[in-house]
There are 2 protein chains.
Amino acid sequence: MIKAAILGYGTVGSGVYNVLHSNRRLVNERAGREIEVKYVLDLRDFPGDPVEKHLVHDFEEIINDPEVKIVVEVMGGLHPAFEFTKRSLEEGKNVCTSNKELVAEHGLELMKIARENDVNYFFEASCGGGIPIIRALNDCLTADDIDTITGILNGTTNFILTEMTENGTSFSKVLKEAQKNGFAERDPSADIDALDPARKIAILASIVFGSSVDYKDIYTEGIRKITAEDIKYASALGYSIKLLAEAKKTEYGVRAYVAPFLVDPMHPLYSINGVMNAVYVHGNMLGDAVFTGAGAGSLPTASAVVADVIDAARHDGKRAYCGWKHDEKLALASNEGIKRKYLIRIHTEDEGKANKVFSPDGFLDTITVGELEDEVAFITPELSEEEFDSKAKAFGKIISRIRFC
Amino acid sequence: MIKAAILGYGTVGSGVYNVLHSNRRLVNERAGREIEVKYVLDLRDFPGDPVEKHLVHDFEEIINDPEVKIVVEVMGGLHPAFEFTKRSLEEGKNVCTSNKELVAEHGLELMKIARENDVNYFFEASCGGGIPIIRALNDCLTADDIDTITGILNGTTNFILTEMTENGTSFSKVLKEAQKNGFAERDPSADIDALDPARKIAILASIVFGSSVDYKDIYTEGIRKITAEDIKYASALGYSIKLLAEAKKTEYGVRAYVAPFLVDPMHPLYSINGVMNAVYVHGNMLGDAVFTGAGAGSLPTASAVVADVIDAARHDGKRAYCGWKHDEKLALASNEGIKRKYLIRIHTEDEGKANKVFSPDGFLDTITVGELEDEVAFITPELSEEEFDSKAKAFGKIISRIRFC
């Protein structure tokens, strides 16, 4: 028997309680012992709810109970989640969390405290919801030197882009609908400005490359500027637009970025639609692998948290392997040298100038979309970001630009 | 330091040696100790090869060396692989294998011997090549009650079907080409008659459902009869034909089958092409998840074997969890009640009779393919296998039939 406390009885917390209860027999069998929820911490009361008998309002009850060996932090937000996690680890309790914000912001420090106190800090649910990508990296793809990890790591933006593609709807209209259906937050900026996938790829890169990647160092561009017209050109090319989060080992060091990209039909993430998430991994022996699943939702996320709880029970008293193991921060390499093609939309009357600026040695391929009469799109030659920026500045009149992947 | 012996220096064995050597630093770091290959067993000599200094021709040298804690069985075939594995486990050595034939045939017995001797029998590479599906089931998706597992588990047949679809080539022509390129064996029957994926789904089902599934109990139909014309109809419908291996928990018990199916574009395995493998899993909490990767090849397979070696080093002296844990055989439920639609091709002159037999209450939807003038295809209403068989017998003149998934 091992006892656990759940911090927060919200969407994920109630999911965790539900999974532990519904799949109790399987969970205990796989943990090798019975897992009992002793406490659930929440400021609210839940009269009549099965959780009522475990409910406490004061974290001190939990931290002072030496019987509690596993703390499930599913409160979200930085405070008091950080303090509760830190104190739990210091008290020799394992912590399992879905809190990507906390892991991305304070993971380095919390991993160190976990190590010093011989306990585990698990965070499978922080990236890719129910997709077991963190355990895959730490425990499954162990024979490989992973050089690239690319994810569709945000369900909200993938849902918005998919809807825009399938129905031709505008960004703002789809966003409003997504908010109504609960697929987008009331304040959606962490999603649509891509802070959320930046945090997640920082966490995954920290595991893959060993040292902490700070999400604030990652070039991050969201999907706020993607229009129904951009999507029309993508479709005309047979491509889709995806918000990709990538970290890649290169001869210059590790590069990382989050941005919308034009993705061709042969790309492993091309057909990941709606709220699904997926992670592409390239290993030097394995080659290509893709992990796909529900990126969010109460039960898929809780499924990942409970897998952590089971692993914490299996590893009680000993440390599990985690690739994110160095105490220093990883200095990301600059993205400056990366050469890519770009799709640019311009006004029809600027066609000549565009050719002169972007392709002095020859004519660019033109893409037209029937309904959009006053404009035209070009695919540029391969250019670095700086080359592109300086040409775009010289040209001056680009309607929009999207990178090819 | 932990010492290993590799049995067999063929395609997979040399891959294992290569991975252990090339990724040595990472492998040792993740194993938590140095892994040293002490012996490589092969009947042949390899003068000048780096493996030469480890080469032995007699298994007795390995079994009698108490320093060897990990035996890597990558010989293939049932004998002497079975005897070598059994004796290794009995001697308290962990065994890691890629030998799907052996695991499918004698897994139950070998798992029992491993349990009794407190060692591990790992076989990640036996299913899905480099895809870490077995570890995903045992160690990652632990919070879920998995009710369905469906795979494209054979690269050769998936390559053949993809080539037939993309180039309109006949089965026999693609097979010949695949044999020339090394994508198909000289005797391809285990692949094209689907014995290979039947073995693999039996192994995966044994892990998911706890008790041994005998592959010989699984209804198995290969792709030998699929013609370029069948594929034309599939393409006309916007579908693809995939050799699916499925095990599914139903109210009647666990059902399993391997057969070519018509797969619609929304199906999670629709876009798995060429030699890629993929496994779809449905969990009661997780929902849908898909794992995709290289299903064969020296290095991807070796990557999975070495992940087993690392896990064996991590678990030296203790048993790792494995879902396949009961000593009895699982009695599969009959597939008799399953209702499905079928695509049937018939001669044009039999259209009236086909309607009468297959759809007495109304007309069937007709599908025609321009170039095939003397025939027509129908989609039947949902029928059980027995209903279909009895109607097909009454009708008598079906050119071909393929199940819808």
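Predicted model: local features only at pLDDT ≥ 70, side-chain atom pairs only at ≥ 80, totals over all residues.
## A pair of chains, from sheet to interface

In chain B, B:Ala5 has B:Val71 of strand 4 as its bridge partner.

- An open sheet of 6 strands can be traced in chain B, in the order 3-2-1-4-5-6 and with parallel pairing.
- At its edges are strand 3 (55-56) and strand 6 (121-122) of chain B, each of which pairs on one side only.
- Strand 1 (residues 2-7) of chain B runs parallel to strand 4 (residues 68-73) of chain B, and 5 bridges join them.
- Besides the pairing of B:Ala5 with B:Val71, B:Leu7 has B:Glu73 as its bridge partner in strand 4 of chain B.
- Strand 1 of chain B is also joined by 6 bridges to strand 2 (residues 35-41) of chain B, again in parallel.
- What stands opposite B:Ala5 in strand 2 of chain B? The residue there is B:Tyr39.

**Buried residues and the nonpolar core**

- The largest nonpolar core has 274 residues, and the members that touch the most other members are A:Ile6, A:Val72, B:Ile6 and B:Val72.
- Leaving out residues up to four places away in sequence, B:Ile6 touches B:Gly13, B:Val16, B:Tyr17, B:Val37, B:Val40, B:Leu41, B:Val72 and B:Val74.
- B:Val95 belongs to strand 5 (residues 94-97) of chain B.
- Is B:Val95 buried or exposed? B:Val95 is buried, because 27 other C-beta atoms lie within 10 Å and the cut-off for burial is 20 or more.
- With residues up to four places away in sequence set aside, the contacts of B:Val95 are B:Val71, B:Glu73, B:Thr85, B:Ser88, B:Leu89 and B:Tyr121.
- B:Glu336 is 241 residues from B:Val95 along the chain, and 39 Å separate their C-alpha atoms.

- The domain assignment divides chain A into domain 1 (2-130 + 299-314), domain 2 (135-294) and domain 3 (339-404).
- Taken over C-alpha atoms, the centres of domain 1 and domain 3 of chain A are 51 Å apart.
- Packed helices are described by two values, the angle between their axes and the distance between the axes.
- For helix 2 (residues 24-31) and helix 12 (residues 298-314) of chain A, the axes come within 8 Å and cross at roughly 35°.
- In this contact, A:Val27, A:Arg30 and A:Ala31 of helix 2 of chain A meet A:Val306, A:Ile310, A:Ala313 and A:Arg314 of helix 12 of chain A.
- Sorted by class, the residues in the contact between helix 2 and helix 12 of chain A are 5 nonpolar, no polar and 2 charged.

**Where the two chains meet**

- How many residues does the contact take from chain A and from chain B? The contact takes 37 residues from chain A and 37 residues from chain B.
- On the side of chain A that touches chain B, helix 2, helix 6 (133-140), strand 12 (287-294) and helix 12 of chain A each supply at least two residues.
- Strand 12 of chain A gives the largest share of that side, with 8 residues.
- The side of chain A that touches chain B has 22 nonpolar, 9 polar and 6 charged residues.
- Strand 12 of chain A and strand 12 (residues 287-294) of chain B run antiparallel and are joined by 5 bridges.
- Within this pairing, A:Phe291 stands opposite B:Phe291.

**Backbone details to look for**

- The peptide bond between A:His79 and A:Pro80 is cis, with omega about 5°.
- A:Pro80 sits in the loop between strand 4 (68-73) and helix 4 (81-90) of chain A.
- In chain B, a cis peptide bond leads from B:His79 to B:Pro80, and its omega is near 10°.
- B:Pro80 is found in the loop between strand 4 and helix 4 (81-90) of chain B.
- A:Ala194 is a residue other than glycine with a positive phi, near 70°.
- The loop between helix 9 (189-192) and helix 10 (195-209) of chain A holds A:Ala194, which is buried, with 28 other C-beta atoms within 10 Å.
- B:Ala194 has a positive phi near 70° too, and lies in the loop between helix 9 (189-192) and helix 10 (195-209) of chain B.
- B:Ala194 is buried, with 27 other C-beta atoms within 10 Å.

How values were computed
Residues numbered from 1 in each chain as written. Chains lettered and ligands numbered in written order. Pairing = 2+ DSSP bridges. Helix = DSSP H or I, 4+ residues; strand = E, 2+ residues; numbered from the N terminus. Domains from an automatic or database assignment. Axes fitted to C-alpha atoms, helices over the stretch in contact; angles between N-to-C directions. Contact = placed C-beta atoms within 7 Å. Nonpolar A, V, L, I, M, F, W, Y, C, P; charged D, E, K, R; others polar. Buried ≥ 20, exposed ≤ 12 C-beta atoms within 10 Å, placed from the backbone. Core = buried A, V, L, I, M, F, W, Y, C linked by C-beta atoms within 7 Å.
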